[in-house]
Amino acid sequence: MSIVLHGVAVGAGVAIGRAHLVVRGMDDVPHQELSIEEVPAEVARYEQAIKTTRRQLEQLRTDIPQNAPSELGAFISLHLMLVGDVSLSREPVDIIEAQCVNAEWALKLQTDKLSDQFDAIEDNYLRARKQDMLQVVERIFKNLIGLSTEVVTEAEDFEEDTILVAHDLSPADTVFFKDSRIAAFVTDAGGPTSHTAILGRSLDIPSVIALGYARELINEDELIIVDGTMGVVIIAPDDVILKEYRRRLREFRSLRRQLNKLKNTAATTLDGINIELLGNIESANDIKALHSLGMDGIGLYRSEFFYLNRDALPTEDELYTEYADVVKKLKGKTLTIRTIDLGVDKNPRWFGPSHTMNPALGLTGIRLCLAEPVMFRTQMRAIMRAAVLGPVRMMWPMISSVTEIQQCLTHLNTAKQQLHDRFETFDENIQVGAMIEIPSAALTVNSILKMIDFVSVGTNDLIQYTLAADRNDESVSYLYQPGHPAVLKLLLHVIRTAARLNKPVSVCGEMAGDAQYTRLLMAMGLRRFSMNANNILAVKNQIIQSDLLMLETEVQKILRNDDPDKALKLLKKLNSSHELSESAD
């Protein structure tokens with residue numbers, strides 16, 4: 001009998017294959033009492049496991065393939081930080097010495113203690129970081145007992161359509177997925193914005209997480225279906241279900257082949273409207289893939305990732321070298337560098353931990369930059385120096401008011417004067433812009449735009465702050481709706497205000513890369529979309545099959561509506577009716 005499991009969809013598409021169960025290291029932890037004479041050797045064994053774990057992660061970070069998701073480096077660095085923290089590197093040793101127990105049992109006791117501490121954290125995002133701690137603990141445990149820590153070392157022996165089934169997968173586990181025969185993966189743990197989810201989307205393979213008990217219900221080598229679009233896993237499908245999903249798999253593969261033909265196609269609507277498709281990147285390594293997709297430039301360079309993989313602040317020259325490399329690889333296309341957006345979940349080793357009850361409302365984004373002006377001006381100087389080599393724009397994150405814009409401009413002028421004093425060559429007239437991520441900025445965008453050159457809407461946070469729904473909290477994830485009328489009204493206000501003032505506006509949040517919103521955003525007046533590479537072709541496909549004049553009436557119905565449920569239905573109708581008209585043609 002078939003069993004259907006529902007989870008969180010994080011990687012689109014369909015996969016049909018045989019399950020491979022990933023062994024969990026801490027399923028059965030032994031408890032052994034030691035004599036006092038045996039304790040020093042046990043301490044040494046644990047300390048060696050810590051050293052081995054640290055060495056493995058450092059090697060993984062060094063050997064990350066160029067085609068791997070760019071977020072991997074930051075996630076592995078976070079795991080390295082956890083390995084070095086006294087809660088894992090020293091406190092289990094104290095338990096071994098105090099209780100005269102084996103290292104595995106000491107690690108289990110400490111893990112239980114840390115789990116309780118994470119569960120008590122009120123902030124949902126920080127509480128979700130418990131999974132990162134557990135992933136590190138499992139790696140330490142496997143090193144203690146001599147079990148292989150690498151999920152993908154086995155991938156060479158996998159059959160072509162192997163589906164990994166795990167309680168959870170760490171960033172290190174996924175490093176070589178793109179070069180393996182893994183068709184999909186499913187996990188019991190995770191949430192919509194867990195590191196597993198982020199990596200699943202980046203890898204662009206069918207994946208479903210947060211299933212709860214999939215690993216207990218699925219047997220090794222059992223036939224399963226992973227529907228990464230609907231968030232469904234089907235165990236032992238019957239012939240009827242299997243036939244249907246084989247049809248869907250053929251359609252999905254056919255669509256992929258059709259989309260690949262669009263790489264050199266201009267992003268122009270049927271009625272002749274040109275749309276700019278820009279890329280979101282974290283490093284120069286992301287640019288090659290974007291070039292192959294025909295992107296028009298970089299709409300968002302998340303510069304903070306260069307700050308995370310290190311023990312101290314980067315120097316101005318180090319930043320300049322990094323930015324210069326990106327500018328050169330873009331070959332004349334525009335680069336928009338967002339100044340560092342640290343805080344919440346992105347805290348480097350040299351930055352102290354956040355003790356605020358709600359980091360998302362605390363010292364983050366531009367607030368942190370203004371509180372650390374030396375760091376802020378150092379980065380702006382490096383950006384202006386690199387702008388001599390090609391078209392570069394500077395963008396400030398999480399702006400909430402014109403007061404912050406004024407403060408940013410003051411620091412910018414100071415940075416320019418410092419470069420003048422040093423007789424440096426730099427772009428004196430660099431364009432500056434702001435991220436619109438907070439309702440207060442969206443509502444006052446008219447005044448903000450009069451002081452700067454452009455704006456970009458970060459829909460991820462704008463939706464979260466507008467609807468007061470933590471996008472990391474599964475219990476309220478149903479409230480996180482990009483198509484909510486309140487969100488659309490704010491977006492429309494920003495787009496129309498920018499058009500009236502003749503200032504460029506783009507959307508760089510996940511909404512820009514979600515093809516179901518492409519027609520709606522275009523009909524609202526948006527002409528610049530910025531997204532991750534794996535979304536560009538699907539969005540381009542929507543653009544080239546859309547006639548904006550034909551869409552106008554239906555879009556006006558959506559924008560006049562105040563009912564979230566009705567808005568969702570109208571949005572589906574907007575897309576489905578257009579698809580029907582295309583097939584009729």
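Trainee: How many strands form the open sheet, and in what order?
Mentor: Strands of a sheet pair through backbone hydrogen bonds, either parallel or antiparallel. In this predicted model, eight strands make an open sheet with mixed pairing, ordered 1-8-7-3-4-5-6-2. Strands here are DSSP E runs of at least two residues, helices are H or I runs of at least four, both numbered from the N terminus; two strands pair if DSSP finds at least two bridges between them.

Trainee: Which strands stand at the edges?
Mentor: Strand 1 (3-6) and strand 2 (8-11); each has a single partner strand, so one side of each is left without a neighbour in the sheet.

Trainee: How does strand 1 pair with strand 8?
Mentor: They run antiparallel, with four bridges, and strand 8 covers residues 232-235. Look for Val4, which sits opposite Ile234 of strand 8.

Trainee: Is Ser303 buried or exposed?
Mentor: Buried means under 20% relative accessible area, exposed over 50%, partly exposed in between (1.4 Å probe, protein chains only). Ser303 is buried, at 1%, and belongs to the loop between strand 10 (297-302) and helix 12 (305-308).

Trainee: Which side chain does the side chain of Ser303 make a polar contact with?
Mentor: That of Gln379, at 2.8 Å. A polar contact is a pair of N or O atoms within 3.5 Å; within protein, one must be able to donate a hydrogen and the other to accept it, and residues adjacent in sequence count only if both atoms are side-chain atoms.

Technical notes. Residues are numbered from 1 along each chain as its sequence is written. This is a predicted model: local features need pLDDT of at least 70, side-chain atom pairs count only at pLDDT 80 or more; totals for chains, interfaces and linings use all residues. Side-chain values use heavy atoms; hydrogens and water are left out.
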